[in-house]
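User: I should like to learn how to read the features of a protein model. Please guide me through one example.

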Amino acid sequence: MEKYTYDVKNSLWYENQRDYFIPCLTLLTEKKMSLSAFGGQRHLCYIKHHKRVFYTNLLTSCKLNGYLADIGEQARKIFFRLVGQMAECEGVTE
């Protein structure tokens with residue numbers, strides 16, 4: 001029996017493992033982005049543990065890195081805005 005089989009009906013390749021045919025599926029490659037500790041890494045940890053379905057949906061649709069990069073950018077902007085407001089209130093010029 002062949003190890004790989006092609007099904008014309010659904011255009012998928014299947015791998016024969018023992019008596020089962022398992023579809024040969026791969027995720028699309030997603031552009032890697034560096035995540036900041038501000039929002040990206042911490043939010044990733046949060047959604048992995050508390051929002052598992054949301055995390056899985058983002059991961060399988062190849063939107064996880066973009067989403068986390070956006071969260072990190074929002075967190076960075078909020079941080080610098082708060083630092084500026086605190087400096088203004090305290091009269092710090094440096």
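User: What should I know before reading the details?

Analyst: This is a predicted model, in which local features need pLDDT of at least 70 and side-chain atom pairs count only at pLDDT 80 or more, while totals for chains, interfaces and linings use all residues. Residues are numbered from 1 along each chain as its sequence is written, and side-chain values use heavy atoms, leaving out hydrogens and water.

User: What average pLDDT does the protein have, and in which element is confidence lowest?

Analyst: Where pLDDT is low, the predicted coordinates should not be read in detail. The pLDDT is the predictor's confidence in each residue, from 0 to 100. Here the protein averages 85, and 86% of the residues score at least 70. Confidence is lowest in β1, with a mean of 88, and highest in α2, at 93. Such helices (H or I, at least four residues) and strands (E, at least two) are DSSP runs, numbered from the N terminus.

User: In what order do the three strands form the sheet?

Analyst: Two strands pair if DSSP finds at least two bridges between them. In this structure the order is β1-β2-β3, in an open sheet with antiparallel pairing. The edge strands, β1 and β3 (20-23), each pair on one side only. From one strand to the next, the twist averages 35°; for such angles, axes are lines fitted to C-alpha atoms, for helices over the stretch in contact, and angles run from 0 to 180 degrees between N-to-C directions.

User: How many bridges join β2 and β3?

Analyst: Four bridges join β2 and β3 in the antiparallel sense. Within this region, Tyr14 has Pro23 in β3 as its bridge partner.

User: How many salt bridges does a search of the whole structure find?

Analyst: Side chains of opposite charge can pair when their charged atoms come close. A salt bridge requires a side-chain nitrogen of Lys or Arg within 4 Å of a carboxyl oxygen of Asp or Glu. The search finds two. In one of them, Glu15 meets Lys3, at 3.1 Å from N to O. This pair links distant parts of the chain, for Glu15 lies in strand β2 (residues 12-17) and Lys3 in the segment before β1 (4-7), twelve residues apart.

User: Is Glu15 buried or exposed?

Analyst: Buried means under 20% relative accessible area, exposed over 50%, and partly exposed in between (1.4 Å probe, protein chains only). Glu15 has 17% relative accessibility and therefore counts as buried, whereas Lys3 is partly exposed at 45%.

User: Where do Glu73 and Arg76 lie?

Analyst: Glu73 and Arg76 are three residues apart in helix α3 (residues 64-90), so about one helical turn separates them. They form a salt bridge, with their closest N and O atoms 2.7 Å apart. Glu73 is partly exposed at 30%, as is Arg76 at 34%.

User: How many aromatic pairs does the structure hold?

Analyst: A pair of aromatic rings is described by the distance of the centres and the angle of the planes. Rings of Phe, Tyr and Trp (its six-membered ring) pair if their centres lie within 6.5 Å; planes under 30 degrees apart count as stacked, over 60 as edge-to-face and the rest as tilted. The structure holds three such pairs. Among them, Tyr6 and Trp13 form a tilted pair, 5.0 Å centre to centre with 50° between the planes. Another, Phe79 with Phe80, is edge-to-face, at 5.2 Å and 70°.

User: Which residues make up the largest nonpolar core?

Analyst: A nonpolar core is a set of buried Ala, Val, Leu, Ile, Met, Phe, Trp, Tyr and Cys residues joined through side-chain atoms within 4.5 Å. The largest here has six residues: Leu44, Ile47, Tyr55, Leu58, Leu64 and Leu68. The elements that give two or more residues to this core are α1 (40-50), α2 (52-60) and α3.
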